Amino acid sequence: MTVIDPDTLDAEARRARRFTRINKADAWFQVLGLAWMTPILKAAAGDNPRAQMSEIWRLLGVPLLAIFLFLGAWATLAPTVQTSLGAIPGPAQVWEQAINLNADAVREREKEAAFYERQDQRNADLIANGQSDKVKERVYTGKPTYYAQIWTSIKTVFFGFLIASVIAIPLGILAGLSATANAAINPLIQIFKPVSPLAWLPIVTMIVSAVYATNDGMFSKSFLVSAITVTLCSLWPTLINTALGVSSIDKDLVSVSKVLKMSTYSKITKLVLPSALPLIFTGLRLSLGVGWMVLIAAEMLAQNPGLGKFVWDEFQNGSSQSLAKIMVAVFTIGIIGFLLDRVMYALQSMFTFSENR
C-alpha cells in the first residue's frame, strides 16, 4: 500500500490553487491586452516551462520583434524622404518632441499655479485693507497644454458617443422587434451610413450656429459641432448590431414570453437585452472606434481645442519641429484608440459572456 506524504498533498493543493488564480487572472489579462502575462506566470509556477516559453515568444516576443523591425525601418528610411519642412523625423526626433511637449505642459501648469497664487495674494491684501469691492476672480487664459488637448478630445468623443448610443440602442431594439420598423429604418441606415464626416460638418456647423446662438452656454460651439458630427457618424454600427442581436433571439424564448404574457418593458429588460448584449457591445465598440477616427477630422475643421486642432495648428505652423509633433499626435491617437477599445471590452466582459475580442 502506497503512503502519500501529507506535505506532498499540501504542495499539490497549493499548486492547484495557484493555477486557479492564474486562470482567473488570464481573463483580465485578455481584456487589458496583456495575454503574455499568463504564460510567464505559469512558467514561474512550474507548468511545462518549454511550452510556456513558446507561448511567451508568440504573444510577446513576436510583437516586440515586429515593433523593433518597424522602428529600424523607420529610422533608416525617414532621412531619405525630404519634405518642405526637411527630412521626415525618425523615432529619436519624435521621442524628443514628446519630451518637449511634456516639458511645455509642466511649465504651463507652473505658470497657471503662479497666476492663481498671485491672484489669491492680491485679493487677500485687498480684503486686509478693507477694499473687498475690488476683489476679482479671473480665469487663467494661457495656451492649453498637450494633455489638456487630449482630455478635450476624450470628453468630446464620449459626449458624441453617448448621444449616439442613446439614439441607436432604442432604435435598434425597435427595428429588431418589428419587421415594419426595420423596413422603415433600414433605408435611412443605407443612405446615411456611408456619409463622410466632412460632408456632415458644414451642415452641423450651420445648424449649431443658428440654434445655439449664445457664447456663454455650458458648451462651446466648436465642442458641440465636433460632438454632434461624431454622433452622426458613429451611431450606425450600434444601431445595426443592436437590431441584429434583437432579431436573432431564440424564437422559443419569444414564444415563452407570449405564453407568460410578459409586458413590453419586461420582455425588453428580461429577455431582449440580456440575449442581445454581446452584439450590442460589439456595436458600441465599433461605434466608439469610428467616433474616435471621425473626431480628429471634425476638430481640425471645427477648431475644437483637442488633438485634431493640435495637428492642424502644427501643420499650419510649418516649423522644423512641426512634423515630429504631428507624429507624436498620431501615436497618441493610436494608443488612446486602443485604450478606448480595451475599456469597452472590459465593460463587455463584465456584462456578457461573449468571447469576441
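**Note on helix packing and a surface patch**

1. Helix α8 (residues 221-247) and helix α10 (residues 264-302) have axes that come within 7 Å and cross at roughly 155°. Axes are lines fitted to C-alpha atoms, for helices over the stretch in contact, with angles from 0 to 180 degrees between N-to-C directions. Helices are DSSP runs (H or I, at least four residues), numbered from the N terminus. The model is predicted: local features need pLDDT of at least 70 and side-chain atom pairs pLDDT 80 or more, while totals for chains, interfaces and linings use all residues. Residues are numbered from 1 along each chain as its sequence is written, and side-chain values use heavy atoms, without hydrogens and water.

2. α8 and α10 are therefore roughly antiparallel (angles over 145 degrees). Their crossing is right-handed (the near helix is turned clockwise from the far one by less than a right angle). The contact of α8 with α10 has 18 nonpolar, twelve polar and one charged residues. Here Ala, Val, Leu, Ile, Met, Phe, Trp, Tyr, Cys and Pro count as nonpolar, Asp, Glu, Lys and Arg as charged, and the others, Gly among them, as polar.

3. Helix α5 (residues 146-177) packs with α12 at about 40°, axes 12 Å apart.

4. α12 supplies the largest share, four residues. Met-350 is found in α12.

Methods
Helix = DSSP H or I, 4+ residues; strand = E, 2+ residues; numbered from the N terminus. Parallel < 35°, antiparallel > 145°, perpendicular 65-115°, else oblique.
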